[in-house]
Amino acid sequence: MREEGVVIDYAIGGATAVLFYAEPTRTYDVDVFALLPADESSSLAPLVPVYQWARAHGFTVDAGHILVHGVPVQVLPAYSALVVEAIQTARVHYYEDVSVRVVGPEHLAALALQAGGARRRERAWLLLQTARIDRDQLRALVRRHDIDVEIPDEA
Amino acid sequence: MKREFAGDRMVDVFARKRAWHRRRAEAPLVEKVRILLDLQRQEIPLLAAQRPLRRWERPWNITP
């Protein structure tokens, strides 16, 4: 998708990304944040080219998800400055010798805190408790993106 | 005396719980995927009893 210019860059986020840094938490889909070409990101249906690409390559698209080997993948256009930054600073990890870009733990926690809600606050707490989070970096992130939260020294 | 004993026991329980969470957090990625699949299989019947499942809410058909 990236090679064909359908997306500029991407990174796995959400609960699936948490797997790379902390204790597993349940999820049923893989969230993928995508930087889209400028003309697509400003359109009313920015993901149409993504779904077209997926169908053309034999993937099923169902209820906003692309089924990749039985796993529903939801592509989410970068919707905020924090998401753009999370994609740009993503880390490269390997799963069974396949490289994947994954949102870093500090950005994952900041995104969860920014989104709010009980489940996401729990996710941020889980990351603070069990992932190796750079708390000063996280504090700088939440300040820069106006997220009103205190990051404790210990979780 | 009794209360102190119960307090010590609780401290021990919390310490073991923290260690258990730490082990899960530091497990290899493939093991974590296995745990996730178990969580999905355990939760789906509970979710289905509460509300209609969304189309993508089903255990992943993969072998880690």
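In strand E2 of chain A, the residue that bridges to A:Asp9 is A:Leu35. That bridge belongs to the antiparallel pairing of E1(A) with E2(A), which runs over five bridges; strands count as paired if DSSP finds at least two bridges between them. Helices (H or I, at least four residues) and strands (E, at least two) are DSSP runs, numbered from the N terminus. Everything here comes from a predicted model, in which local features need pLDDT of at least 70, side-chain atom pairs count only at pLDDT 80 or more, and totals for chains, interfaces and linings use all residues. Residues are numbered from 1 along each chain as its sequence is written, while chains are lettered from A and ligands numbered from 1 in the order in which they are written.

The model scores ipTM 0.86 and pTM 0.89. For chain B, the average pLDDT (the predictor's confidence in each residue, from 0 to 100) comes to 89, with 92% of the residues at 70 or above.

Chain A carries seven helices and seven strands, laid out along the sequence as β-α-β-α-α-β-β-β-α-β-β-α-α-α. Its C-alpha trace spans about 50 × 35 × 30 Å along the principal axes. Of the 155 residues in chain A, 39% are buried. Here, buried stands for 20 or more other C-beta atoms within 10 Å of a residue's own, exposed for 12 or fewer, and partly exposed for anything in between, with C-beta atoms placed from the backbone.

E1(A) is largely enclosed by the rest of the structure, because four of its five residues are buried. E2(A), residues 30–35, also pairs with E5(A), this time in the parallel sense and over five bridges, with A:Val30 partnered by A:Val73 of E5(A). E5(A) in turn pairs with strand E4 (residues 65–68) of chain A, antiparallel over three bridges, and A:Val68 sits opposite A:Val71 there. Two residues lie between the strands of this E4(A)–E5(A) hairpin, in which A:His69 takes a positive phi near 50°.

What about the interior? In soluble globular proteins, nonpolar side chains tend to be buried together. The largest nonpolar core here has 48 residues, and those touching the most other members are A:Ala11, A:Val18, A:Phe33, A:Ala86, A:Val103, A:Ala109 and A:Leu127. Such a core is a set of buried Ala, Val, Leu, Ile, Met, Phe, Trp, Tyr and Cys residues joined through C-beta atoms within 7 Å. Helix H5 of chain A (residues 105–115) gives the largest share of this core, six residues. Leaving out residues up to four places away in sequence, A:Ala11 touches A:Phe33, A:Ala86, A:Ile87, A:Ala90, A:Arg101, A:Val102 and A:Val103.

H5(A) itself is mostly covered, with nine of its 11 residues buried; among them are A:Glu106 and A:His107. Its buried residues pack against E1, H1, H4, H6 and H7 of chain A. Just past the helix, A:Gly116 takes a positive phi of about 75°.

Two aspartates also show positive phi. A:Asp97, near 70°, lies in the loop between E6 and E7 of chain A and is exposed, with 5 other C-beta atoms within 10 Å. A:Asp146, near 55°, is in the segment after H7 of chain A and counts as exposed too, with 9 C-beta neighbours inside 10 Å.

Chain B has two helices and zero strands. Its radius of gyration of 18 Å is well over the 11 Å that the globule rule gives for 64 residues, so chain B is more spread out than a compact globule. The C-alpha trace of chain B spans about 55 × 30 × 10 Å along its principal axes, and 8% of its residues count as buried.

Where the chains meet, each of chain A and chain B puts in 19 residues. On the side of chain A, strand E5 (71–77) and helix H6 (118–130) each supply at least two residues. By class, that side has 10 nonpolar, five polar and four charged residues, where Ala, Val, Leu, Ile, Met, Phe, Trp, Tyr, Cys and Pro count as nonpolar, Asp, Glu, Lys and Arg as charged, and the others, Gly among them, as polar.

How values were computed: Two residues are in contact if their C-beta atoms, placed from the backbone, lie within 7 Å. The radius of gyration is taken over C-alpha atoms; the globule rule is 2.2 Å times the number of residues to the power 0.38.
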